[in-house]
Amino acid sequence: MEAKVLHKLQCPTWIDFEKFPRKSSGSVRFSRRMREEKRLRVLISAQMEPDIASNQRSYDSVKVSCTFNSFSASVLESGNVHAPVDEAQVLKNKSQEIEPYLSGRCIYLVGMMGSGKTTVGKILSGVLGYSFFDCDTLIEQSVDGTSVAEIFKLYGEGFFREKETEVLQKLSLMRQLVVSTGGGAVTRPINWRYMQKGISVWLDVPLEALAQRIAAVGTDSRPLLHQCESGDAYTEVALNRLSTLWEERGEAYANANARVSLENIAVKLGHKDVSSLTPVTIAIEALEQIEGFLKEEDDMAIAGY
Ligand SMILES: Nc1ncnc2c1ncn2[C@@H]1O[C@H](COP(=O)(O)OP(=O)(O)O)[C@@H](O)[C@H]1O
Ligand SMILES: O=C(O)C1=C[C@@H](OP(=O)(O)O)[C@@H](O)[C@H](O)C1
């Protein structure tokens with residue numbers, strides 16, 4: 001069994017490296033080109049779209065078509081995201097704006113279990129035209145389709161963490177991916193070495209919201225939360241477990257290049273709590289935070305750091 005697993009990891013059939021483009025050539029400074037393009041867009045919209053403001057509040061549901069090259073399940077995962085028309089347009093515009101400046105770098109989503117890495121990741125990959133990979137799924141495939149829960153049970157967490165690092169190492173050789181990492185990937189410094197090849201984005205979700213989401217879907221796929229009772233106490237127990245993990249990991253998540261705080265989005269949009277924030281809204285914020293990081297990075301380069 002072990003030999004078979006090792007063989008699979010050495011000769012991965014699950015990632016076709018040739019499918020993915022190598023580093024793009026020619027880079028123009030982010031801030032300068034972005035500023036020029038923005039100026040141009042403002043001029044064009046002033047001349048051609050005088051009524052755009054009056055259309056801003058139209059909340060008809062439209063489909064944002066997303067091409068997911070890899071995995072799929074559920075509504076978002078089917079490739080069609082239902083979003084208010086202006087939100088969908090904002091998402092599309094923002095992704096088109098920043099995509100050239102990513103220069104093919106991968107986006108690694110980090111965050112606690114249930115923070116929405118998979119859900120938001122699929123939206124981002126769809127609008128950016130990137131492929132989506134979920135680390136847990138790749139680990140399962142590398143262990144003959146054994147589920148994460150079974151891997152924990154049969155081989156222990158240490159074995160799972162080794163596989164996680166191997167998966168991240170392989171993904172770090174690729175380009176134009178959005179990667180949903182497992183909640184514990186941030187705990188190993190070696191994983192950061194691999195993620196630093198791309199841009200890491202932390203989905204920072206309040207623990208209460210995480211506990212509610214997890215209570216709604218169950219803990220079958222999340223062995224670190226097993227033994228939470230079902231019923232009223234369920235959310236409470238999940239919350240306690242998550243709090244312990246948070247104590248251990250909070251600082252590690254803060255290593256990410258960009259942070260998407262659901263509390264901040266709620267304040268910005270005037271929502272009472274984070275539970276009303278849709279995955280599309282969160283994806284837009286993620287793109288904005290990535291844009292902020294790209295600008296900072298560019299400013300540092302100009303300053304000679
Ligand atoms: N913005 C959101 N609002 C409500 N539920 C969400 C949101 N984002 C994700 N979820 C739900 O929370 C659960 C965990 O999301 P998932 O994307 O699998 O998280 P992760 O990959 O970080 O573990 C799923 O059931 C998903 O449908
Ligand atoms: O927080 C963690 O240590 C884990 C999170 C899970 O992934 P998600 O964050 O996708 O649930 C999965 O990798 C494993 O159960 C361990």
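The legends below describe close-up views of a predicted model.

**View 1. Packing of helix α5 against helix α6.** Helix α5, spanning residues 85-102, and helix α6, spanning residues 117-128, pack at an angle of about 75°, and their axes lie 9 Å apart. Because angles of 65 to 115 degrees count as roughly perpendicular, α5 and α6 are therefore described as roughly perpendicular to each other. On the α5 side the contact is made by Leu91, Ser95, Glu99 and Leu102, while α6 contributes Ile123, Val127 and Leu128. Sorted by class, the residues in this contact of α5 with α6 are five nonpolar, one polar and one charged.

**View 2. Strand β4 and its pairing with strand β5.** In strand β4, which covers residues 131-134, Ser131 and Phe133 point one way, whereas Phe132 and Asp134 point the other way, and all are buried. Strand β5, residues 177-180, runs parallel to β4, and four bridges join the two strands. Within this pairing, aspartate 134 stands opposite serine 180 of β5.

**View 3. Residues 1-14 and 16-28, and the confidence of the prediction.** The protein chain has a mean pLDDT of 79, with 70% of its residues reaching 70 or more. Over residues 1-14 the pLDDT stays under 50, and the model has 28 contacts beyond four places in sequence for this stretch. Residues 16-28 likewise have a pLDDT below 50, with 18 contacts in the model beyond near neighbours in sequence. Where pLDDT is low, the predicted coordinates should not be read in detail. For the complex, the predictor gives an ipTM of 0.99 and a pTM of 0.79.

Methods:
Residues are numbered from 1 along each chain as its sequence is written. Chains are lettered from A and ligands numbered from 1 in the order in which they are written. This is a predicted model: local features need pLDDT of at least 70, side-chain atom pairs count only at pLDDT 80 or more; totals for chains, interfaces and linings use all residues. Side-chain values use heavy atoms; hydrogens and water are left out. Axes are lines fitted to C-alpha atoms, for helices over the stretch in contact, and angles run from 0 to 180 degrees between N-to-C directions. Angles under 35 degrees count as roughly parallel, over 145 as roughly antiparallel, 65 to 115 as roughly perpendicular and the rest as oblique. Contact means heavy atoms within 4.5 Å. Ala, Val, Leu, Ile, Met, Phe, Trp, Tyr, Cys and Pro count as nonpolar, Asp, Glu, Lys and Arg as charged, and the others, Gly among them, as polar. Buried means under 20% relative accessible area, exposed over 50%, partly exposed in between (1.4 Å probe, protein chains only). Two strands pair if DSSP finds at least two bridges between them. pLDDT is the predictor's confidence in each residue, from 0 to 100.
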